[in-house]
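Please read this briefing alongside the sequence and the three-dimensional model shown below.

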Amino acid sequence: FRIREFVRCGTPDQAVEWRDMWLQRGLELLASLELPAQADVASDPFFGRGGRMLAANQKSQQLKFELLVPVISTDKPTAVCSFNFHEDHFGLAFDIKTGDGAVANTACLGFGLERVVMALLQTHGFDPGGWPPQVRAKLWD
C-alpha cells in the first residue's frame, strides 16, 4: 500500500510537538469524513525476543501512535495513519544537526492512502452518491 509521509527534524520538543499536532489533525480529518477513528499507542513489527523488548519499549515511551478504524473487524481495527517519534536515531545515523549543531531528533507521520479509502468504503458503502453530504462535500466539492 502507499503512504503519504511527512518528516520533521529539530529538537526533541519540536519533533514531539509536531507529531502530536498532526495526530490531533489526523483525528479531526478522519472525524470530518465521519470515520470512527481512535488513537492508540503502537509499536513497529519487530521480530524475535529482542524485537518484543524493542516493541515494549516503544510502547512504554509512547514513541508511536496509530489512528485505527474498523475496516475488517471492530475487535482489531486497521491502522490507517501512523505518527512516530524516532528520537535521535536518524540524526545520528545520517549526521543531521539542528541550527545550533546538536544532533537532530525526527518525527514522521504517514497516511495509508488505500487504507483510508478502504475505511471510507467500509463505513459509508460502495456508492459515494449515498455517502453523507458533508463527507461528499469534503472530498469532492
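Predicted model: local features only at pLDDT ≥ 70, side-chain atom pairs only at ≥ 80, totals over all residues.

Residues are numbered from 1 along each chain as its sequence is written, and side-chain values use heavy atoms, with hydrogens and water left out.

**Overall layout**

- The protein has five helices and five strands, taken as DSSP runs (H or I of at least four residues for helices, E of at least two for strands) and numbered from the N terminus.
- Read from the N terminus on, these elements follow the order β-α-β-α-β-β-α-β-α-α, and the C-alpha trace spans about 55 × 40 × 20 Å along its principal axes.
- Of the 141 residues, 34% are buried, where buried means under 20% relative accessible area, exposed means over 50%, and partly exposed lies in between (1.4 Å probe, protein chains only).
- Among contacts (heavy atoms within 4.5 Å) between residues at least 6 apart in sequence, 57% join residues at least 24 apart.

**The sheet**

- Five strands form an open sheet in the order S1-S5-S4-S3-S2, with antiparallel pairing; two strands count as paired if DSSP finds at least two bridges between them.
- Strand S1 (3-10) and strand S2 (38-41) stand at the edges with a single partner strand each, so one side of each has no neighbour in the sheet.
- S3 and S4 run antiparallel and are joined by six bridges, and Phe83 in S4 is the bridge partner of Phe65.

**The nonpolar core**

- A nonpolar core is a set of buried Ala, Val, Leu, Ile, Met, Phe, Trp, Tyr and Cys residues joined through side-chain atoms within 4.5 Å.
- The largest such core has 23 residues, of which Leu30, Leu67, Val80, Cys81, Phe83 and Leu120 touch the most other members.
- Helix H1 (12-32), strand S3 (64-69), S4, S5 and helix H4 (113-124) each supply at least two residues of this core.
- Leaving aside neighbours within four places in sequence, Phe83 is in contact with several residues, including Arg19, Trp22, Leu23, Phe65, Leu67 and Phe111.

**Aromatic rings**

- Rings of Phe, Tyr and Trp (its six-membered ring) pair if their centres lie within 6.5 Å, with planes under 30 degrees apart counted as stacked, over 60 as edge-to-face and the rest as tilted; by this rule there are four aromatic pairs.
- The ring centres of Phe83 and Phe111 are 6.2 Å apart with their planes at 80 degrees, so this pair is edge-to-face.
- Because Phe83 lies in strand S4 (residues 78-87) and Phe111 in strand S5 (residues 105-112), the pair ties together parts that are 28 residues apart in sequence, and both Phe83 and Phe111 are buried.
- Phe90 and Phe94 make a stacked pair, at 6.3 Å centre to centre and with 15 degrees between the planes; Phe90 is partly exposed at 32% relative accessible area, whereas Phe94 is exposed at 58%.
- Arg25 lies over the face of Trp22, at 4.7 Å from the ring centre, under a rule that asks for NZ of Lys or CZ of Arg within 6 Å of the ring centre and within 35 degrees of the ring normal.

**A loop residue**

- Lys97 lies in the loop between helix H3 (89-93) and S5, and Lys97 is partly exposed with a relative accessible area of 43%.
- The C-alpha atoms of Lys97 and Cys9 are separated by 8.6 Å, although these residues are 88 residues apart along the chain.
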